[in-house]
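Student: I should like to learn how to read the features of a structural model. May we work through one together?

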Amino acid sequence: MAEMGSKGVTAGKIASNVQKKLTRAQEKVLQKLGKADETKDEQFEQCVQNFNKQLTEGTRLQKDLRTYLASVKAMHEASKKLSECLQEVYEPEWPGRDEANKIAENNDLLWMDYHQKLVDQALLTMDTYLGQFPDIKSRIAKRGRKLVDYDSARHHYESLQTAKKKDEAKIAKAEEELIKAQKVFEEMNVDLQEELPSLWNSRVGFYVNTFQSIAGLEENFHKEMSKLNQNLNDVLVSLEKQHGSNTFTVKAQPSDSAPEKGNKSPSPPPDGSPAATPEIRVNHEPEPASGASPGAAIPKSPSQSSLPAVVVETFSATVNGAVEGSGGTGRLDLPPGFMFKVQAQHDYTATDTDELQLKAGDVVLVIPFQNPEEQDEGWLMGVKESDWNEHKELEKCRGVFPENFTERVQ
């Protein structure tokens, strides 16, 4: 019998919950259709908007902090591997071996300490901060349901009062249910009205503490790491002094991309092809031009001169009387000072008014800079052949372009 009674209570509770859900659903439909008014609280709704914004921001911060920690872990592993490599190649008889090993050990400990402190002082604090949101979110949702129950009880009570045939017993019961629903709602509402503004204001102090902790830890980490790096440098200087005759000289290598032009640098070619280096040809034994003295000085080759290659070629061509398009012996169908042709291998989008816009296949007539000091390494001055043939005006057509987007064709 006790079991049946227990089942009866459970069944009754289930039936009551189902009835509540049906009543709420019916009330929400009536409100949406405009057939029933809905209790509004604009101040509370603003608090809920702030809560949702705060939750979104906090969740993002937690995600980004975890990403940062993962990056610190990855850097730790990479630094450890690099230190292990140095330990392996550092031969036993070399001076400073023990110091180098100790530095590597301290480097490893410093990374571990940095990561752990970030977890303790930032991530765990972050998790605690976000841990309060699920419960409040659940209570906000429950408050919403209780508000619907209150509105439904209110509408039911009002409908009984305005009915033509009044049933005082039903009215009394409806009033009792209304008072009960109002009390439950207001208790939850009052608590949330106090908690939500307080939670919203707490975000300022939390953000300050979190980022101050991260900044302080990172600053201290870099200070300590700087000391270790200086110690390692001292060890290597000692090694260099002992084996100075075996010092390896690092020679500069040509770059695969055009260097900066002013404060800009062109993007590398799409296919990553190396920069096209124009072929600089200088006549070391020029024949005397008409009117030129046989004893005219022969210009130095690019390898002998400190001048830029383009300036050397222009000077050489001038001495030989072969600057094309400059009148006299030059070709009149080419721009003054013409040196050679290049063809664009890739599209280049101009980023300034003094640059040429190039399409793959465009032919450019290269000319010298009016002021050689204005030429940046990796950039050439020229005019597109199509523009020159149409306008014959350098002022309107010339511009600079990245050398590594082109290839010399003539």
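The dialogue below turns to a helix, the cysteines and the aromatic rings.

Tutor: This is a predicted model, in which local features need pLDDT of at least 70, side-chain atom pairs count only at pLDDT 80 or more, and totals for chains, interfaces and linings use all residues. Residues are numbered from 1 along each chain as its sequence is written, and side-chain values use heavy atoms, with hydrogens and water left out.

Student: What span should helix α2 have at 1.5 Å a residue?

Tutor: Helices are DSSP runs (H or I, at least four residues), numbered from the N terminus. The expected span is 1.5 Å times one less than the number of residues. Helix α2 covers residues 42-89, so its 48 residues should span 70 Å; the end C-alpha atoms are 71 Å apart, which agrees.

Student: Which residue caps the N-terminal end of α2?

Tutor: The cap is D41, with a side-chain oxygen 3.3 Å from the backbone nitrogen of Q43.

Student: How many disulfides does a search of the whole structure find?

Tutor: A disulfide is a pair of cysteine sulfur atoms within 2.5 Å. The search finds 0.

Student: Is C47 buried or exposed?

Tutor: Buried means under 20% relative accessible area, exposed over 50%, and partly exposed in between (1.4 Å probe, protein chains only). C47, at 12%, is buried, and C397, at 6%, is buried as well.

Student: How is a pair of aromatic rings described?

Tutor: One gives the distance of the centres and the angle of the planes. Rings of Phe, Tyr and Trp (its six-membered ring) pair if their centres lie within 6.5 Å; planes under 30 degrees apart count as stacked, over 60 as edge-to-face and the rest as tilted. The structure holds 10 such pairs. In one of them, Y90 and W94 are edge-to-face, 5.4 Å centre to centre with 75 degrees between the planes. Y90 is buried at 3% relative accessible area, whereas W94 is partly exposed at 24%.

Student: Why is the pair of Y129 and F206 stacked?

Tutor: Their ring centres are 3.8 Å apart and their planes lie at 5 degrees, so the pair counts as stacked. The pair links distant parts of the chain, 77 residues apart: Y129 belongs to helix α3 (residues 97-131) and F206 to helix α5 (residues 168-242). Y129 is buried at 6% relative accessibility, and F206 is buried at 8%.

Student: Which residues do ring pairs link into a cluster?

Tutor: The cluster consists of F51, Y129, F133, F206 and Y207.

Methods. Helices (H or I, at least four residues) and strands (E, at least two) are DSSP runs, numbered from the N terminus. A polar contact is a pair of N or O atoms within 3.5 Å; within protein, one must be able to donate a hydrogen and the other to accept it, and residues adjacent in sequence count only if both atoms are side-chain atoms.
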